[in-house]
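Colleague: I have just opened this one and would like a careful walk through it. Could you take my questions as they come?

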Amino acid sequence: PAIWIPTNLHEDRVKAFNDGEIFHVMTNGRRSMPPYKFQVTAADRWAIVAYVRALQRTTGSTVDDVPQELRADLR
């Protein structure tokens, strides 16, 4: 069986992908990743793209990324 090593979605290389490229990879697969076009609806694949982008924003952020009015709530 083939060994599949998942991509780190926080790598700068992956963060530089446009949304359509992430959607395309999920739809058609890439290298050892199989396509998911039959298991995951197009609407859900776009939702996954949005979720990946939200996760990517959790790394490399600074307090300057938090709106001024919410900074007092930070711990």
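Colleague: What share of the contacts with a separation of 6 or more comes from residues 24 or more positions apart?
Modeller: In the protein, residues 24 or more positions apart account for 44% of the contacts with a separation of 6 or more, where contact means heavy atoms within 4.5 Å. Please keep in mind that this is a predicted model, in which local features need pLDDT of at least 70 and side-chain atom pairs count only at pLDDT 80 or more, while totals for chains, interfaces and linings use all residues. Residues are numbered from 1 along each chain as its sequence is written, and side-chain values use heavy atoms, with hydrogens and water left out.

Colleague: How many helices and strands are there?
Modeller: The protein has three helices and zero strands, and the order from the N terminus is α-α-α. Helices (H or I, at least four residues) and strands (E, at least two) are DSSP runs, numbered from the N terminus.

Colleague: And is the whole thing compact or spread out?
Modeller: The protein is more spread out than a compact globule, because its radius of gyration is 16 Å, well over the 11 Å that the globule rule gives for 75 residues. That radius is taken over C-alpha atoms, and the rule is 2.2 Å times the number of residues to the power 0.38. The C-alpha trace spans about 50 × 25 × 20 Å along its principal axes.

Colleague: What percentage of the residues count as buried?
Modeller: Of the 75 residues, 19% count as buried, with buried meaning under 20% relative accessible area, exposed over 50%, and partly exposed in between (1.4 Å probe, protein chains only).

Colleague: Which residues of H2 are buried, and what do they pack against?
Modeller: In helix H2, which covers residues 19-28, the buried ones are Ile22, Phe23, Val25, Met26 and Thr27. The buried residues of H2 pack against helix H3, residues 42-56.

Colleague: Tell me about Thr27, then; what does its side chain join up with?
Modeller: The side chains of Thr27 and Arg45 are joined by a polar contact of 2.9 Å. A polar contact is a pair of N or O atoms within 3.5 Å; within protein, one must be able to donate a hydrogen and the other to accept it, and residues adjacent in sequence count only if both atoms are side-chain atoms. Thr27 has 11% relative accessibility, so it counts as buried, and, neighbours within four places in sequence aside, it is in contact with Pro35, Tyr36, Lys37 and Arg45.

Colleague: Changing topic, what is the phi of Arg31?
Modeller: Arg31 has a positive phi of about 50° although it is not a glycine. Most residues other than glycine have a negative phi. Arg31 sits in the loop between H2 and H3 and is exposed, with a relative accessible area of 73%. Just after H2, Gly29 also takes a positive phi, of about 80°.

Colleague: Last one: where is Gln56, and how far apart are Gln56 and His10?
Modeller: Gln56 is in helix H3 and is buried, at a relative accessible area of 6%. Gln56 and His10 are 46 residues apart in sequence and 5.6 Å apart in space, C-alpha to C-alpha. Apart from neighbours within four places in sequence, Gln56 is in contact with Leu9, His10, Val14 and Lys15, and its side chain makes a polar contact of 2.9 Å with that of Arg53.
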